[in-house]
Amino acid sequence: MILAVNIGNTNIRAAVGDSGIIAQTVFYASEDPIAQIEKGLSSDIWGKITGVIIATVVPAQTPAITTLLKSKLNVPIKRVDITNCGDLDISRYTGLLGEDRVVCCSRALAIVRQKNIAAPFVVIDFGTATTINVVTANGIFLGGAILAGLQTSINALAQNTAQLPQINFNTTEKIPLIGTNTADNLRAGSAIGLACATEGFLARIKTELQTKNLTVIVTGGHSPIILPYCNFNHLYEPTLLLEGLLQFFNDKR
């Protein structure tokens, strides 16, 4: 059984599985990863793990977490190598490309091929940052866009304005388009505003690629809040990143 770990800016996600996910957990990056993995997956999980793969967008945290995992395990611990992405071609992209984006797009490429979808696709990750990633039907990563994430934009407003409060979201409450109080104004502006921005990007991507057919795959922790306000067809893959890590590990055996 493989342990997949993604180190994000806000959360760390971990899952165990082989060809598919058996169990998963998520916890704040500031928490003790060993204790949280045992709490979320099982206290006796370590004896069942035969390999580890790690992706990170916070490189400074990786050595400490790797050392902790080595203290519990005597198995191969692999890092995602974005220069070896299987069928995903990232050669056209210049500059720093996050491992999470590569893993998600690589897994999405496998999904669209399994479904025999012969069209370009877009992977949208509603996380700490919102990333929009465009890939051609034959697996060439064209690039995309990075927007402030849902909670990130709210935090920035609360920190940089005198009268706007810090707010949280509840997935069971409908957000009004026209809010009648400050909190709902902020919820509408951030959640529905992000949905509208995403719709606008997708429309312009279709124009840019000169295509009417565009598959959209959505993932990320804030997806349940934003998706109810999105007016576009999509495949929702909440475990896309973790499944991608398992795929990477198995591809590199």
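Guide: Welcome! Strand 6, residues 121-126, is mostly covered, with six of its six residues buried. Keep in mind that this is a predicted model.

Visitor: Which residues point one way from strand 6, and which the other way?

Guide: F121, V123 and D125 point one way, while V122, I124 and F126 point the other way, and all are buried.

Visitor: Which strands pair with strand 6, and in what sense?

Guide: Strand 7, residues 129-135, pairs with strand 6 in the antiparallel sense over six bridges. These two strands form a hairpin with two residues between them, and D125 stands opposite T131 of strand 7. Strand 9, residues 215-219, runs parallel to strand 6 and is joined to it by five bridges. There, T215 is the bridge partner of F121.

Visitor: Now the pockets. How do I read empty space in a model?

Guide: Rolling a probe the size of a water molecule over the atoms shows where empty space is left. Here, the largest pocket has a volume of about 1,100 Å³. Its lining counts 42 residues, and G8, N9, G127, T128 and A129 lie nearest the centre.

Visitor: Which element gives the most to that lining?

Guide: Helix 3 does, with four residues. Strand 7 is among the elements that each supply at least two. By type, the lining residues divide into 16 nonpolar, 20 polar and six charged.

Visitor: And how are aromatic rings described?

Guide: A pair of rings is described by the distance of the centres and the angle of the planes. The count in this model comes to one aromatic pair. Separately, K78 lies over the face of F249, at 4.3 Å from the ring centre.

Definitions and conventions. Residues are numbered from 1 along each chain as its sequence is written. This is a predicted model: local features need pLDDT of at least 70, side-chain atom pairs count only at pLDDT 80 or more; totals for chains, interfaces and linings use all residues. Side-chain values use heavy atoms; hydrogens and water are left out. Rings of Phe, Tyr and Trp (its six-membered ring) pair if their centres lie within 6.5 Å; planes under 30 degrees apart count as stacked, over 60 as edge-to-face and the rest as tilted. A charge sits over a ring if NZ of Lys or CZ of Arg is within 6 Å of the ring centre and within 35 degrees of the ring normal. Buried means under 20% relative accessible area, exposed over 50%, partly exposed in between (1.4 Å probe, protein chains only). Two strands pair if DSSP finds at least two bridges between them. On a 1 Å grid over the protein atoms alone, a cavity is a set of points where a 1.4 Å probe fits but cannot get out, and a pocket is an open set with protein on both sides within 12 Å along at least five of seven lines; lining residues have an atom within 4 Å of a point. Grid points are joined across faces, edges and corners, and a volume is the space filled by probe spheres set on the points. Ala, Val, Leu, Ile, Met, Phe, Trp, Tyr, Cys and Pro count as nonpolar, Asp, Glu, Lys and Arg as charged, and the others, Gly among them, as polar.
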